[in-house]
Amino acid sequence: MDASLGTELPQRGVYVWGGLGIALVMLLPTVRAFRRAAGEQEQVALAWAVSSVMALVLVVVPALTAWVFARKHVFVSEEAVTVTAGDRVKHQHRFDDVTEVRVLVDGGLGSITPEFWNQAVAVRGPDQDGKVRWTKVSRTFVTTLEPLLRRLSEEVGRRPELIRSDEERELLQEYLAGTAGE
């Protein structure tokens with residue numbers, strides 16, 4: 001990927017490896033189901049339908065999930081936060097254009113829960129296409145948010161109105177304090 005996008009936040013591989021693992025493990029029973037369907041004398045259509053659904057749900061969906069998450073990357077530079085899908089820039093928010101910052105615990109845009117393990121930050125503003133949208137970056141998908149948190153802290157220091165609640169302002173400071181040693 002282009003180095004000008006900034007520092008890449010390291011991916012958390014749980015979804016990639018989990019999806020591949022599930023697809024691989026479920027491949028054997030799916031192949032067995034197709035073999036039985038091929039030898040079925042009665043209810044042939046039902047046997048093939050069940051086998052096809054098994055293949056889709058137990059092999060194809062987990063493999064596609066792994067592929068989607070393996071392609072997703074998050075970069076932070078002094079100018080922008082960028083989310084890519086493969087070699088394509090999916091979302092890019094310039095920090096100067098950000099209109100709101102949400103600091104979250106559960107990754108949702110509306111609630112704050114005590115589940116510390118899932119830190120998340122969402123930024124709102126025009127993306128590279130000029131469309132105003134939210135882009136969320138969560139520790140569910142990356143191992144650390146520190147570079148993004150540091151850069152957003154600088155931006156919030158210049159423009160305090162970006163964070164609209166004292167709870168979220170405090171949460172940003174807690175996240176920065178908790179991730180300083182990572």
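Where in α1 does a kink lie? In this predicted model, a kink of about 35° lies at Leu-27, shortly before the proline Pro-29; the bend at a residue is the angle between axes fitted to the seven residues ending there and the seven starting there. Residues are numbered from 1 along each chain as its sequence is written. Because the model is predicted, local features need pLDDT of at least 70 and side-chain atom pairs count only at pLDDT 80 or more, while totals for chains, interfaces and linings use all residues, and side-chain values use heavy atoms, with hydrogens and water left out.

The protein contains 4 helices and 7 strands, taken as DSSP runs (helices H or I, at least four residues; strands E, at least two) numbered from the N terminus. Their order along the sequence is β-α-α-β-β-β-β-β-β-α-α. Of its 182 residues, 38% count as buried (buried is under 20% relative accessible area, exposed over 50%, partly exposed in between; 1.4 Å probe, protein chains only).

Helix α1 covers residues 14-39 and, with 26 residues, reaches 38 Å from its first C-alpha to its last, close to the 38 Å expected at 1.5 Å a residue (the expected span is 1.5 Å times one less than the number of residues). Its buried residues are Val-16, Gly-19, Ala-23, Thr-30, Ala-33 and Ala-37, and their cover includes α2 (44-71). Val-25, also in α1, is exposed at a relative accessible area of 58%.

Salt bridges (a side-chain nitrogen of Lys or Arg within 4 Å of a carboxyl oxygen of Asp or Glu) number 13. In helix α3 (residues 146-158), Glu-146 and Arg-150 are 4 residues apart and so separated by about one helical turn; the closest N and O atoms of their salt bridge are 3.4 Å apart. Glu-146 is buried at 13%, whereas Arg-150 is partly exposed at 45%. For the salt bridge of Arg-158 with Glu-155, the corresponding distance is 2.3 Å. Glu-155 is buried, at 1% relative accessibility, and Arg-158 is exposed, at 54%. Salt bridges with shared partners join Glu-78, Arg-94, Asp-96, Asp-97, Arg-151, Glu-154, Glu-155, Arg-158 and Arg-159 into one network.

Technical notes
Contact = heavy atoms within 4.5 Å.
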